[in-house]
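Student: I would like to go through the terms used for this model and see what each one rests on. Where do we start?

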Amino acid sequence: MDRRRVLVASLGLMALGSSWKTAGAPARPKRVIFFVAGEVPSEGGIENSRRTRNSVWTAHGLVPGRDVVETFVYSGNDSERAAGIARELVASRPAIILTNAASQTKFFKQLTRDIPIVFVGISDPVLHGIVRSLGRPGGNITGVSSELFDAQLKLLEIVKEVLPRARRVAWLTGVDPDEDGNDPVWLRIRADMASKAARVGLDLSIIYLAQKLSGDARVQALRGTHADGFIPYSNPLSSSGEVLSIQLASGMPGFFAAGPGPARVGAFLTLGSPFRDMWKLQIAIAVRILRGEDPAAIPVQLDSRVLLAVNMKTARALEIEIPGSILARADEVIQ
């Protein structure tokens, strides 16, 4: 997808948002940018997200179109292009910018010290250098931290529990080893994953730049690892349809550090917080800032709600028997 398509998708929503403006409103609505990592989803996916988020804004007493206009901007999977879009957004002077990935948040930290930034779903924002501390983030950035990385470490244990004979797990990452190979955050994450895998009796095979591989190329890369299952890092699968198809084509179950959403569309197993819950916390913080609070003094919130979900249909298709110990702990079992 080229940059023009990314921006057209976002500007289309901006035009739609401005059409909601209430005639005679005493003040112009606050312009909110939600800078989303990855490619533009289907129109239905955008509309569902917009409708859900609008209901959260409304619950906090801000009417979409009258008080706020939230524009979705998709960064794509090219870091240079994403940085360029970020510069344009800062130059447009929105009231607040919302992000959902560490890399995008870092772009904005370098570009502005006065436009408030509220992130969501970043595991350990202190380690990433995004905030000074969770209690007093300082600067213009705060947000919602997730248990994403802790969930991935836990998934290594679950892989071994579900597949006692498993010897290897594939880890799909969006990391470019040439650009990020010496990044201290990445090096620590990789070392922790490799160490935990070894402790539970698994070899870890890393597939880099997974989001840039086509579906067929991902399947071939997975097969090449001879792994018994795979874990996506930050979910570098491009669509809900691919969540199921890549498992069936590779013959490998996917273990996702995510809320139940991917399991509902075919992921073998998920462990994590529902993103919708994190959205609610993110918007709640944004509302506080729009009403005058200083982001430097708003503590980073930790979304500690972790749910386990399994998809029995996918398990049957892969001929995997899910242990009773997993089913007993599952918050959701999809038949």
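Tutor: With a pair of helices in a predicted model: H3 and H4 are oblique to each other.

Student: Why are H3 and H4 called oblique?

Tutor: The axes of helix H3 (residues 79-91) and helix H4 (residues 102-111) cross at roughly 45°. Roughly parallel requires under 35 degrees and roughly perpendicular 65 to 115, so H3 and H4 count as oblique. Their axes come within 10 Å, and H3 passes H4 in a right-handed crossing.

Student: Which residues make the contact of H3 with H4?

Tutor: Ser-79, Ala-82, Ala-83, Ala-86, Arg-87, Leu-89 and Val-90 in H3 meet Phe-107, Phe-108 and Leu-111 in H4. By class, this contact has 8 nonpolar, 1 polar and 1 charged residues.

Student: What makes H5 parallel or antiparallel to H7?

Tutor: The axes of H5 and H7 cross at roughly 20° and come within 9 Å. The cut-off for roughly parallel is under 35 degrees, which means that H5 is roughly parallel to H7. The crossing of H5 past H7 is right-handed.

Student: Which residues of H5 and H7 meet, and how do they divide by class?

Tutor: On the H5 side they are Phe-149, Gln-152, Leu-153, Leu-156 and Glu-157, and on the H7 side Ile-189, Asp-192, Met-193, Lys-196 and Ala-197. They divide into 6 nonpolar, 1 polar and 3 charged.

Student: What does Ile-158 contact, apart from neighbours within four places in sequence?

Tutor: Ile-158 is in contact with Phe-255, Leu-269, Leu-271, Leu-308, Ile-326 and Arg-329.

Student: Why does Ile-206 count as partly exposed?

Tutor: Its relative accessibility is 25%. Buried means under 20% and exposed over 50%, so Ile-206, at 25%, falls in between and counts as partly exposed.

Student: Where is Ile-206 found, and what does Ile-206 touch?

Tutor: Ile-206 is found in strand S7 (residues 203-207). Not counting residues up to four places away in sequence, Ile-206 touches Trp-171, Thr-173 and Arg-190. Ile-206 and Ala-194 are 12 residues apart in sequence and 9.7 Å apart in space, C-alpha to C-alpha.

Key:
Residues are numbered from 1 along each chain as its sequence is written. This is a predicted model: local features need pLDDT of at least 70, side-chain atom pairs count only at pLDDT 80 or more; totals for chains, interfaces and linings use all residues. Side-chain values use heavy atoms; hydrogens and water are left out. Contact means heavy atoms within 4.5 Å. Axes are lines fitted to C-alpha atoms, for helices over the stretch in contact, and angles run from 0 to 180 degrees between N-to-C directions. Helices (H or I, at least four residues) and strands (E, at least two) are DSSP runs, numbered from the N terminus. Angles under 35 degrees count as roughly parallel, over 145 as roughly antiparallel, 65 to 115 as roughly perpendicular and the rest as oblique. A crossing is left-handed if the near helix is turned anticlockwise from the far one by less than a right angle, and right-handed if clockwise. Ala, Val, Leu, Ile, Met, Phe, Trp, Tyr, Cys and Pro count as nonpolar, Asp, Glu, Lys and Arg as charged, and the others, Gly among them, as polar. Buried means under 20% relative accessible area, exposed over 50%, partly exposed in between (1.4 Å probe, protein chains only).
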